[in-house]
Amino acid sequence: LLLRRGESLAELRALIEASGARAVYWNRQYEPAAIARDTRVKQALREHGVHCESSNAALLFEPWTVANKQGQPFRVFTPFWKASTALGEPAMPLPVPASLSFARHDLPANPLESFDLLPTRPDWAGGLRKTWAPGEPNALQLLDDLEPTLSGYADHRDRPDLDATSRLSPHLHFGEISSRQVWQGVRRLQAQAGGLAGAEAFLRQLYWREFSAYLLFHFPHLPSSPLRPEFQHFPWSDSEEHLRAWQQGKTGFPIVD
């Protein structure tokens, strides 16, 4: 694993030149800035004869495969969900490769410690460490242990006083497990248990996650302006006192603080 820090295209060009690589493969992202970056990288590398290929690793379906009868993207979740489920079950994840062949190299890299990923000044991550362990093994373990959560998921998932959710969201976000793996894992648990009351409600939440990427892909203005233009003029409060209370956990509302 070679870690490098810098502008994407410049770093890739340097690695390609040093290694003699003839192709670059990566998993797609759907945020507008990421799409713009990857498009720029793909065009520039192809102009120099480098084969470039990206794949879907994060979503059940690609955003451009779901549209209304007029061929336009959905703006509301329920119609999007119905159209998505009408496409059928998501594809099975590909099997783990039987073997991997790594290139031997002495290319310069940034050490992992140089990225300062762990908070130290101050260390604010104590509560997070008790809740999540990063990495694929923990993600797969959470999926295997999901059956009790699925049983009451439909009724309990919105109860912040209960431990009633999957806790898979960070693992999905960082690609340690895919939504298709989760989908098929839930189907497997359903088959083993002869059906689970909350399983379908849980799978619907995977489509909620999907809808976020879908909207970002089709409406690239979303990171800076609302989907519905009328909310551009929403009367926000400018109270510095209230902002500080929220920042410091002193609003008086326990669930917020």
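## Salt bridges, cores and helices in a predicted model

Trainee: The side chains of Glu200 and Arg187 meet in a salt bridge, so I would like to start there; what is its N to O distance?

Mentor: Good place to begin, and keep in mind that this is a predicted model. A salt bridge needs a side-chain nitrogen of Lys or Arg within 4 Å of a carboxyl oxygen of Asp or Glu. The side chains of Glu200 and Arg187 meet that condition, with an N to O distance of 2.8 Å.

Trainee: Which helices does this pair tie together?

Mentor: The two residues are 13 residues apart in sequence.

Trainee: Are Glu200 and Arg187 buried, partly exposed or exposed?

Mentor: Buried means under 20% relative accessible area and exposed means over 50%, with partly exposed in between. Glu200 has a relative accessible area of 45%, and Arg187 has 23%. Both values lie between the two cut-offs, so Glu200 and Arg187 are partly exposed.

Trainee: Which residue joins Arg187 and Glu200 in one network?

Mentor: Salt bridges can share partners, and that is what links this group into one network. Along with Arg187 and Glu200, the network includes Glu89.

Trainee: How many salt bridges does a search of the whole structure find?

Mentor: Here are two more examples before the total. Arg4 and Glu11 meet at 2.9 Å, N to O, while Asp161 and Arg159 meet at 2.8 Å. Over the whole structure, the number of salt bridges found is twelve.

Trainee: Let's go inside. Which residues have the most contacts within the largest nonpolar core?

Mentor: In soluble globular proteins, nonpolar side chains tend to be buried together. Here the largest nonpolar core has 29 residues. Those with the most contacts inside this core are Phe80, Val182, Val186 and Phe202.

Trainee: Which element gives the most to this core?

Mentor: The elements that give two or more residues to the core are α3 (77-85), α5 (136-144), α9 (179-193) and α10 (199-218). One of these gives eight residues, the most of any, and that element is α10.

Trainee: Where is Leu143, and is Leu143 buried or exposed?

Mentor: Leu143 sits in helix α5. Leaving aside neighbours within four places in sequence, Leu143 is in contact with residues including Leu168, Ile177, Val182 and Val186. Its relative accessibility is 4%, so Leu143 counts as buried.

Trainee: Which elements do the buried residues of α9 pack against?

Mentor: Helix α9 has 15 residues and reaches 21 Å from its first C-alpha to its last, close to the expected 21 Å. Its buried residues include Val182, Trp183, Val186 and Leu189. These buried residues of α9 pack against α5, α6 (147-151), α8 (169-173) and α10.

Trainee: What residue follows α9, and what is its phi?

Mentor: The residue following α9 is a glycine with a positive phi. This is Gly194, with phi near 70 degrees.

Trainee: Which residues cover helix α2, or rather, what elements cover its buried residues?

Mentor: Helix α2 (residues 32-47) has 16 residues and reaches 23 Å, close to the 22 Å expected. Among its buried residues are Ala34, Val41, Ala44 and Leu45. Leu45 is also part of a second, separate core of nine residues. What covers the buried residues of α2 includes α1 (8-19), β1 (23-27), β2 (51-55) and α10.

Notes:
Residues numbered from 1 in each chain as written. Predicted model: local features only at pLDDT ≥ 70, side-chain atom pairs only at ≥ 80, totals over all residues. Heavy atoms only, no water. Core = buried A, V, L, I, M, F, W, Y, C linked by side-chain atoms within 4.5 Å. Buried < 20%, exposed > 50% of the residue type's maximum accessible area, 1.4 Å probe, protein only. Helix = DSSP H or I, 4+ residues; strand = E, 2+ residues; numbered from the N terminus. Expected span 1.5 Å × (residues − 1). Contact = heavy atoms within 4.5 Å.
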